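Please read them with the coordinates open.

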Number of protein chains: 2
Amino acid sequence: MLPPLLQAALDCFVEHGYHGTTIRTVAARAKLSVPGLYHHYASKQALLVAIVQFAMKDLLIRSEDAVAEAGSSVEEQFRLLIECLALFHAHRSELAFIAASEIRSLEGESRTAHIKSRDKQQQMVDDIINQGMREGNFDAEHPKDTSRAIVTMCTGIAQWYRRDGELSPEELALRYANIARMTLGVGPGSRRESVFTAPIVGDAPIVVN
Amino acid sequence: MLPPLLQAALDCFVEHGYHGTTIRTVAARAKLSVPGLYHHYASKQALLVAIVQFAMKDLLIRSEDAVAEAGSSVEEQFRLLIECLALFHAHRSELAFIAASEIRSLEGESRTAHIKSRDKQQQMVDDIINQGMREGNFDAEHPKDTSRAIVTMCTGIAQWYRRDGELSPEELALRYANIARMTLGVGPGSRRESVFTAPIVGDAPIVVN
C-alpha cells in the first residue's frame, strides 16, 4: 500500500492534476501543517517522484514474480505477466493513471528514470513474445507492435476501470490475458489451439465464466 | 485543423495540464490580450470544452465516413474503422491526449456530453463486432471486453506515438487493424483465414510492408 502521505498527494493529483495541486492542499488532506509536510518531502516534485517510483517498483516486482511463478512455459509466462499487468492497472487505477498522465510533470533525471522503468516493463513483454515466436508458440506479423498494443490495452484499464462495474479485477485480468493471446494467434478460436494443440489434463486453458 | 486560438490553449494544456494553465498563459501564447481572449471564450473551461468537442466531433465524423466507405462487408467496416481510430490518435495525439486525460476537468453537462460521445464511439465498434459475431465472421469469447480492449489500444497510441519514430501514422494504422482482427480470430495466422477463407483477387487482405 502507498504510505498515507503519498496517498493524500495522489488523491490531490487525481482531482486537480499535478500543476493544479499545491503543497498546502496536500498538507490539508494529509492533516499535516505545511512545515510538517516539508519535513518528509522537500517539494511537490518530490511527492510526485515518490509516487511514480512506488508505482513502477511495485509493478516490476509483481511482473518478475508472475514470470517466475509461470516456470519454463513461455505461454504460461505470457499469460501470468499479462494477468499481472491487467490486475495492477485495475487494482491501482489511480496510481497508474497519474504515473501515465503526469510523465510530462516529472523533471530531469526522475523523468528519464521513469521512462526507463516503463521501457523495462515493455521489454519484459517483448522478450517473452520473441521467445514464443522462436519456439513457434506465437504467431505475429509485427511482434514489437503487437507487444506495445497489448501493454497499452492493459495500462489503459486504469483510465476506465471502476470497482463497482461488472467485472472484478481478477475476472478482467483473465479476459485480457485471453484477448492478448488472441493477438498472437493463440487462444479461443485460433488455429494453433483448435488444430495443433490438444488440451492436456491439468494443463487445460483457463476458461472464464 | 484546430482554430489557432484553441491550438494555443491545447499547447498550454499539454505542457502544464488544465489546472496548471492560466488564461494569461493562453493569451500570451495566442498573441492576444487577456480581454481579447475573453472576447472569444468566456473562460478557461470554455476553451477546454471547445477543444474536446472539436476532437470528438472530428473523430465521430471520420469514423462514420470510414464505415460508410467500407460498404456492406462487416470485416471491411471493422478494418477501416480501426484504421481510422489509430490514424486519428497518431495524427492528433496531443488533442486526443487532452481529451482523454482532462475528462476530470470538464464540468457538469460538458462532462456528461463528452462521456456520451466516447460511449458512442465505443458503441460503433461494439455494433460492428456484434454484427460480425452474428454473421460468423468474428470469434470472441467476450466481445464487449474485446471491443473495449481494441478501442483502448488505439486511443493509447496518443500517449506514446511520435512522428519521428519508425512508423508513419498510415503504417501504424494498418498494423493496428491487423492486430485488432487477430483478437477476433481473423487475420494472419488465424484459423478463419488460413482454413476457411481463400483470398479473392481484388479483395485480398492488405499486407503491410
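1. Symmetry first. Chain A superposes on chain B by a rotation of 180°, with 0.0 Å of shift along the axis and an RMSD of 0.0 Å. That is the relation of a two-fold axis. Both copies use the same surface: 100% of the contact residues of chain A recur in chain B. Keep in mind that this is a predicted model.

2. Overall make-up of chain A. The chain has eleven helices and zero strands. Of its 209 residues, 52% count as buried. The accessible surface of chain A comes to about 9,800 Å². Carbon and sulfur atoms hold 54% of that surface.

3. Contact range in chain A. Take the contacts with a separation of 6 or more. Residues 24 or more positions apart account for 67% of them.

4. The annotated region. UniProt, in an unreviewed entry, lists residues 22-41 of chain A as "DNA-binding region". In the model this span is 70% helix and 0% strand. Its end C-alpha atoms lie 13 Å apart. The label comes from the record, and such annotations may be inferred rather than shown by experiment.

5. Lys31 in both chains. Lys31(A) sits in the loop between α2 (23-29) and α3 (34-40) of chain A. Is Lys31(A) buried or exposed? Lys31(A) is exposed, because its relative accessible area is 76% and the cut-off for exposed is over 50%. In chain B, Lys31(B) also has a positive phi, about 55°, although it is not a glycine. Lys31(B) is found in the loop between α2 and α3 (34-40) of chain B. With a relative accessible area of 74%, Lys31(B) is exposed.

6. Gly17(B). This residue belongs to the loop between α1 (4-16) and α2 (23-29) of chain B. Is Gly17(B) buried or exposed? Gly17(B) counts as buried, because its relative accessibility is 6% and buried means under 20%. Which residues does Gly17(B) touch, leaving out those up to four places away in sequence? They are His19(A) and Arg104(A) from chain A, with Cys12(B) and Glu102(B) from chain B. The C-alpha atoms of Gly17(B) and Ile98(B) are separated by 8.4 Å, though the two are 81 residues apart along the chain.

7. Helix packing in chain B. The axes of helix α5 (residues 74-91) and helix α8 (residues 143-155) of chain B come within 8 Å and cross at roughly 35°. On the α5(B) side the contact is made by Phe78(B), Ile82(B), Leu85(B), Ala86(B) and His89(B). On the α8(B) side it is made by Ile150(B), Val151(B), Cys154(B) and Thr155(B). By class, the contact of α5(B) with α8(B) has seven nonpolar, two polar and no charged residues.

8. Ala149(B), also on α8. Ala149(B) lies in helix α8 of chain B. Ala149(B) is buried, with a relative accessible area of 1%. Which residues is Ala149(B) in contact with, leaving aside its neighbours within four places in sequence? They are Met153(A), Tyr176(A) and Ile179(A). Within chain B, the C-alpha atoms of Ala149(B) and Thr183(B) are separated by 9.3 Å. Those two residues are 34 residues apart along the chain.

Notes: Residues numbered from 1 in each chain as written. Chains lettered and ligands numbered in written order. Predicted model: local features only at pLDDT ≥ 70, side-chain atom pairs only at ≥ 80, totals over all residues. Heavy atoms only, no water. Axes fitted to C-alpha atoms, helices over the stretch in contact; angles between N-to-C directions. Helix = DSSP H or I, 4+ residues; strand = E, 2+ residues; numbered from the N terminus. Contact = heavy atoms within 4.5 Å. Nonpolar A, V, L, I, M, F, W, Y, C, P; charged D, E, K, R; others polar. Buried < 20%, exposed > 50% of the residue type's maximum accessible area, 1.4 Å probe, protein only. Areas by Shrake-Rupley, 256 points an atom, 1.4 Å probe, with all protein chains shown as cover. Least-squares fit on C-alpha atoms with pLDDT ≥ 70 in both.
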